[in-house]
Amino acid sequence: MRRLLKSAREYNRGMRRVYLDNNATTPVLPEVFEAMRPYFVEHFGNASSIHRHGQETRAAVERARESVAALLGCRSAEVVFTSGGTEADNLAVFGLVRPGDHVITSTIEHHAVLNSCKHLREGGVEVTFVPVDGRCLVDPDDVRRAIRPNTKLVSVIMANNETGVLQPVAEIGRVCGEADVYFHTDAVQAAGKVPIRVKEIGCDLLSISGHKFHAPQGVGALYVRKGTTLEPRAFGGSHERSRRAGTENVPGIVGLGKAAEIALKGFESGADREMARLRDRLESAVLEQVEAAGVNGADSNGGSASRVPNTTNIYFDYIEGEALIISLDLKGLAVSTGAACSSGAIEPSHVLTAMGLRPDRARASIRFSLGKQNTTEDVECALQLVPTAVARLRELSPLYNKESAVRS
Ligand SMILES: Cc1ncc(COP(=O)(O)O)c(C=O)c1O
């Protein structure tokens with residue numbers, strides 16, 4: 001207890017803090033905040049008003065729509081602003097599917113899709129959950145085989161939030177196109193991290209969320225391919241071409257547009273490759289220094305599935321992930337066990353168990369996720385903390401035996 005209190009004091013005494021939990025949320029970039037600032041006070045108009053104040057904010061919303069469309073490779077009229085990824089996912093799923101329809105999704109979806117599909121099932125919709133292999137990959141042939149005459153929608157995540165593994169969405173898109181089935185992909189963890197071209201994916205619907213790529217929390221968007229008839233979820237005014245009623249969150253939308261522009265420029269300047277270099281340095285040095293550890297999302301030969309550049313999910317056998325998170329947090333490093341909403345839950349991650357991990361290994365897994373603000377120094381700082389923290393927890397573990405760890 002005394003040690004804990006001492007650590008808490010250090011925490012409050014301005015110790016260096018490193019944030020490697022960017023898949024939970026990212027800090028708003030200063031340029032994004034500057035772009036948003038005038039829309040809180042100076043340009044406060046309702047974007048639906050016809051006077052000057054409304055025209056100013058309408059123009060800002062439409063400029064942001066163009067920036068988001070450029071990020072996704074679609075027309076601006078195909079972008080519907082929402083309150084975030086969860087609402088975009090819900091609009092996609094509930095906007096299309098009716099009782100009697102069949103839906104195909106995967107076992108590694110975010111709860112925004114998973115629980116939407118479970119809710120649909122209670123309302124008379126049949127749902128097939130296709131599995132993933134040990135690398136966290138859906139097989140497009142499984143999707144093909146699952147399609148039935150009444151299949152209305154396939155929803156498969158683009159980049160998994162826990163492992164960062166990128167799904168073969170273009171192949172799944174082709175399968176759906178051939179079968180004339182709607183295809184939605186939750187690209188919340190992919191947008192801003194890897195280039196997205198909706199036409200190449202062949203999707204009809206695609207969700208993004210601002211706070212995963214340095215825009216604020218509480219704003220997102222759904223790409224809706226031209227000609228897709230979507231029932232709205234909220235009824236009210238005719239905002240967003242009657243697909244999402246409610247006064248627009250103008251500052252948030254402006255922030256989303258700015259973050260989209262920054263992300264696009266980053267692909268041109270190689271910022272994504274630099275981030276992958278930092279992630280790879282972190283991952284390989286952790287694996288070198290810590291025995292009985294490995295990457296979730298790599299196959300048994302050590303080959304990795306393709307991932308977004310900022311994420312690595314590593315298991316540290318013989319420890320509890322929650323204990324490691326608390327111990328690292330007290331030393332100034334913020335990481336996570338996976339989905340932010342499931343942190344604190346005793347249940348092992350549904351994603352890692354779907355990949356075939358034993359429950360104890362799933363519980364011993366930690367997600368490190370980088371953002372644009374992270375530096376080489378941050379990674380080196382994390383590398384000073386992680387091996388020591390793991391070693392200390394293992395010393396306390398009755399299950400840990402150095403010799404068996406080396407063999408495993
Ligand atoms: C893959 C994925 N989809 C959807 C969401 C939900 O997005 P939001 O937090 O904007 O509602 C998240 C958030 O963690 C996510 O990682």
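Trainee: Which residues does arginine 65 touch, if I skip those up to four places away in sequence?
Mentor: Arg58, Ser76, Val79, Val80, Phe81 and Glu240. Keep in mind that this is a predicted model.

Trainee: And where does arginine 65 lie?
Mentor: In helix α3, which covers residues 52-72.

Trainee: Is arginine 65 buried or exposed?
Mentor: Buried, because its relative accessible area is 7% and the cut-off for buried is under 20%.

Trainee: Let me try another arginine. Where does arginine 233 lie?
Mentor: That one is in the loop between β8 (220-224) and α9 (239-242). Arginine 233 counts as partly exposed, because its relative accessibility is 49%.

Trainee: What is arginine 233 in contact with, leaving aside neighbours within four places in sequence?
Mentor: Asn90, Leu91, Phe94 and Gly95. Valine 93 is worth a look too: it sits 140 residues from arginine 233 along the chain, yet their C-alpha atoms are separated by 10 Å.

Trainee: OK, new topic: the strands. How many residues of β3 are buried?
Mentor: Five of its five, so to speak: strand β3, residues 102-106, is mostly covered. His102, Ile104 and Ser106 point one way, Val103 and Thr105 point the other way, and all are buried.

Trainee: Which strand do five bridges join to β3?
Mentor: That's β4, residues 126-130, and the two run parallel. In that pairing, threonine 105 has phenylalanine 129 as its bridge partner.

Trainee: What do β3, α5 and β4 make together?
Mentor: A right-handed β-α-β unit, with helix α5 covering residues 111-122. β3 also pairs with strand β5 (residues 151-155), in the parallel sense over four bridges. There, histidine 102 stands opposite threonine 151.

Trainee: Now the inside. Which residues touch the most other members of the largest nonpolar core?
Mentor: Leu72, Ile196 and Leu206, out of 68 residues in that core. Helix α10, residues 250-269, gives the most to this core, with nine residues.

Trainee: Why would residues like that end up in one place?
Mentor: In soluble globular proteins, nonpolar side chains tend to be buried together.

Trainee: Back to leucine 206, then. What is it in contact with, apart from neighbours within four places in sequence?
Mentor: Quite a list, including Leu72, His184, Ile196, Val198, Ile201 and Tyr223. There's also a second, separate core of 30 residues, and Met275, Val295, Ala364 and Val390 are among them.

Trainee: I can see a ligand as well. How many residues surround the ligand?
Mentor: 13, and the closest are Gly85, Thr86, Asp186, Ser209 and Lys212. Serine 209 has a side-chain N or O atom 2.6 Å from an oxygen atom of the ligand.

Trainee: What about lysine 212 and the ligand?
Mentor: A polar side-chain atom of lysine 212 also lies 2.6 Å from a ligand oxygen atom. For glutamine 189, the distance from a polar side-chain atom to an oxygen atom of the ligand is 2.8 Å.

Trainee: Last one. Which residues of helix α12 are buried?
Mentor: Gly321, Leu324, Ile325, Leu328 and Leu330, in a helix that covers residues 321-331. Glycine 332 follows α12, and its phi is positive, near 105°.

Key:
Residues are numbered from 1 along each chain as its sequence is written. This is a predicted model: local features need pLDDT of at least 70, side-chain atom pairs count only at pLDDT 80 or more; totals for chains, interfaces and linings use all residues. Side-chain values use heavy atoms; hydrogens and water are left out. Buried means under 20% relative accessible area, exposed over 50%, partly exposed in between (1.4 Å probe, protein chains only). Two strands pair if DSSP finds at least two bridges between them. A crossover is right-handed if, with the strands pointing away from the viewer, the path from the first strand over the helix to the second runs clockwise. A nonpolar core is a set of buried Ala, Val, Leu, Ile, Met, Phe, Trp, Tyr and Cys residues joined through side-chain atoms within 4.5 Å. Contact means heavy atoms within 4.5 Å. A residue is near a molecule or strand if one of its heavy atoms lies within 4 Å of it. A polar contact is a pair of N or O atoms within 3.5 Å; within protein, one must be able to donate a hydrogen and the other to accept it, and residues adjacent in sequence count only if both atoms are side-chain atoms.
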